[in-house]
Structure formats: C-alpha cells, structure tokens
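The following exercises concern a single protein structure.

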Amino acid sequence: MALIVKNGTVVTPDGVATTDILCENGKIAALGEIDQDRSDTVLDATGKFVLPGGIETHTHFDLEVMGMRTADDFLSGSKAALHGGTTTFLDFATQFRGETMKEGLANWHQRAKDGVYTDYGFHMALTEWNEALSDEMSAMIEAGITSFKLYQAYKGSLMVDDGEMLRALQRAAELGVTIGVHCENGDVIDVLVEQARQRGDVTPEFHERCRPPQLEAEAVNRFITLAELAGARHYVVHLSTGTGLDQVRWMRQHGARTVIETCPQYLFLDKACYERGDFYTKAGCVMSPPLRVAKDRQALWQGLADGTIDFVGTDHCSFKLYGQKDHGKDGFWNIPNGAPGVELRMNLLYSGGVASGLFSLNRLAELTSGNAARYFGLYPDKGAIEVDADADFCLIDPHAHWTVTHDMLHDRADYTPYEGQKMQGRISDVILGGQILIRDGEMIDDVPRGRYVKRGLPEYLD
Ligand code: URP
Ligand code: ZN
Ligand code: ZN
C-alpha cells in the first residue's frame, strides 16, 4: 500500500522544503516531486507543515499510585497521544521493590495487551539497586530497553539513596545505557511535609511549598556529580526550574554531557494555579516537581530556544479530580501526583514556540521528535523525514486559532490543566507507518495498530 503526501511544507534534517513524500510498506520511499499515479491514496498537504511523528519521552499510563490507577491506560492514553501528533511514546515500566526487572517488564507488556494506537517503547524505572538487578540490566538491552529512571524523591516507595544511584550509574556506564533521574530531595521534602502537617497546613498549595525550587537545583547537581564520577550517560527528567537549568549549564561548562527533558506544564503554567480557585482546581495541578514561578517558565523557554534543553515530554500521569484527586481533601499528601497532557504537547509547543516566533519549525521537530529519537535509540527509523525512515508524520495547520477545552480531548481524565489556553496552529492529520489515522482532526481508522519498538543504545546529542 502506497501513500503520497503531496505539496506539504516538509521539515527535513536539511531544512524546510515544499515537497512530496512517497510512502511504501510503512517506510518513506522517496522525497521530491512524486507522480500522482504512483498511488491511489494522496493526502493533499498544501498549506500545512509536515513534521516527523512526535516522540513523547515521558508517560505513565496504567500506573498505580497510592492504591489508585491512572485514569488513562495504554488504549486511551495512546489514542489521546495520536490525536496530538505523537506517533511513538515511551512509558515508564517499573520494577517495584522486591521485583525483578523482568517481572516489571512483563507487567508493562501486559498493560498493552488490548492494543495501542501508536508505536511505543519502555524505559525501566528502578526503585532499588542490588547485585541481581545489576546482573539483569544487560537482559533489558536485549529486550529493547536502553534507558532507566531513578527517583531522588518519593521516599519509602520509589526513592533510591545516593549509594544506590552511584552503583546503578556505574553499571549503566559499563553497558552504555542512559539513566534519567527525577531530581528532588526526598529526605528534605519528607521533613517539610511533616512540619506542614504539624502546623495544620493541609491544603493543596502546601504541596508546592514543601517542594521548593532549591531542592531541584541541589538534586540536579548531586545527580550530575555522581553520573560524571561514574562516567555514565545521563539525563535530567522533567526539569522545572531556571536554577536547575543553570546547574546543568554550569556542569556542562565543566565537561558534563548532561541531556535535559522539560515538560509543557513548566512552560505554560505556574504556581498561581495553587493560589486561586477551589480544591479541585488546585489539586488538578498537584504534580512533582510542582509548578514554579513565571521566571522559571521564561528561563525554560529560553533554554528551548537556545538549544540548552534537548526534548519535551509531558509526564502524562492522569487522575480524575472526582474520585481520585479528592482523596487528598483533608491532606495534600494524599493527592495522587500528576496531570494529563499527552494530547497537547505538540500543539502547545507549536503555538508557544513557533507561532510566537521564538524558534523555528526545525527546532520544533528536534524538540518533539528528532533529539528523542537519537537519544533513545530510535533513529534512523524514527525522528526524521528521510528516505528509509518509518512513514510517521504529524501535519500542522498553521492558520487555526482555537481555545483548549477538555471536552475536545481524548484522555479519560475529567479536566485539563490547560483549560482556556488560546492556541495558534493545530495538528490536523497524523500518519503512522504510512497509514492516515487522523484526518482533519478526526480519527478515520479506529484500530490500535501500534507496535512495541525495541530501541538501540543512546547517541550523544552534542
Ligand atoms: O507528579 C508526577 N510527575 N507523577 C508521576 C511520577 C513522576 O515523578 O514522574
Ligand atoms: Zn518523576
Ligand atoms: Zn514521570
């Protein structure tokens, strides 16, 4: 089955050009002027931007937190992702304490058993470190997992200590895999939460006050120090502060090859969300790290524009306001952390980054697909519009103006933290493996056709 994407403004690694794309057998077969007779299926992309299909680096679908499961599973989460132009996502399979990585991985493959609308892969989150896990790490590479996550937060459940982190980084260095770290200081957070409880400060805004920005900068510095000591590839997960960004810049000036992910919520929202509205409005924004101040948002936008930040994932971790977030009505520490966002990632970045004139279409393609493809071992199959790559594309209508409301999204949460956000430009069409799945914003092929993708070793981005 062939498809021709005709006359689009196509973002290739060499720049932007008006060209056609011929897709055959799920791959890009040719770029240039393509004769219409070569296929019965022609998608007219006149006036649209054609980008490589989005690669979402950070989701939590079907995750259990505090005895509650996220509102989105692999089916609903991937359907939402697809509508937003994402054609591949990486979810965090998790080795919970006492489990092997193999068990963790099997549990996550099981979650995808009812099908997935996009291609997908897994990182492996580790909640402890020991000899057995060290021995198992190489088997993960064979299973297609070349990135791991450690937490410096969530003491008592997910958090590892510095010794465990160092040993894991040393093993990662031996194998050439990368470790991403959630950078906050879990010991200090626990003390601050306990003191807030004692004082009776129980409402959602105290979630943010117990996780001050200094704790991210400190944890970023500690993590990179250990990673450099171990000689390991490493990246900062969901960076949220300007001071955290400054730490990375400083460490890079001293030789570190740190890679950075940030998220749309730290670019578009800030802690004003905890100061207004009722419990539900505030609880919907309870996530870790928490939302910061406007100055942090500006610093992160600058980091995207000047090349300091490498890619953007959403940390989509959706809980319903009613029946889930409200478990924390009497104490913010019982609010399950996380928020939805997977469907809006590419739209938000186009609107806030390209339509606003801050960065180019090529930079958008790097931030939403190209850099993640290279860093997470998906390139050359994914991440660029070039011959022999997978025929995964996201088309943007640059002239659309619209306002976000939750009822137009496809996740199973009961809100979006971006309600009312004004947008310019809109994902109109999405193609996966040479098949048009979304046409003018509507799903035309409601079959979950996504494949699990085994990934190669990470490439350096500098
Ligand atoms: O609040 C969040 N981000 N929940 C998901 C887990 C994590 O830390 O990434
Ligand atoms: Zn995290
Ligand atoms: Zn996360």
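**Exercise 1.** At 14% relative accessibility, does Asp270 count as buried or exposed?

*Solution.* The model is predicted: local features need pLDDT of at least 70, side-chain atom pairs count only at pLDDT 80 or more, and totals for chains, interfaces and linings use all residues. Residues are numbered from 1 along each chain as its sequence is written, chains are lettered from A and ligands numbered from 1 in the order in which they are written, and side-chain values use heavy atoms, with hydrogens and water left out.

Step 1. Buried means under 20% relative accessible area, exposed over 50%, and partly exposed in between (1.4 Å probe, protein chains only).

Step 2. Asp270, at 14%, is therefore buried.

**Exercise 2.** Which residue meets Asp270 in a salt bridge, and which parts of the chain does the pair tie together?

*Solution.* Step 1. A salt bridge requires a side-chain nitrogen of Lys or Arg within 4 Å of a carboxyl oxygen of Asp or Glu. The partner of Asp270 is Arg297, with an N to O distance of 3.0 Å.

Step 1. Helices (H or I, at least four residues) and strands (E, at least two) are DSSP runs, numbered from the N terminus. Arg297 belongs to helix α11 (residues 294-305) and Asp270 to the loop between α9 and α10, so the pair joins parts that are 27 residues apart in sequence.

Step 2. Arg297 is partly exposed, at 23% relative accessibility.

**Exercise 3.** Determine how Arg211 and Glu184 are paired and placed.

*Solution.* Step 1. Arg211 and Glu184 form a salt bridge whose closest N and O atoms are 3.0 Å apart.

Step 1. Arg211 lies in the loop between α6 (205-209) and α7 (214-230), and Glu184 in the loop between β12 and α5, so parts 27 residues apart in sequence are tied together.

Step 2. Both are buried: Arg211 has a relative accessible area of 8%, and Glu184 one of 1%.

**Exercise 4.** Identify the protein donors of the zinc ion (ligand 2).

*Solution.* Step 1. Donors are N, O and S atoms within 2.8 Å of the metal (3.2 Å for Na, K and Ca); water is not among the atoms, so sites may look incomplete.

Step 1. The protein donors are Lys149 (NZ), His182 (ND1) and His238 (NE2), at 2.1 to 2.4 Å from the ion.

Step 2. His182 is in strand β12 (residues 178-182) and His238 in strand β13 (residues 233-239), so this pair connects parts 56 residues apart in sequence.

Step 3. His182 is buried, at 1% relative accessibility, and His238 is buried, at 1%.
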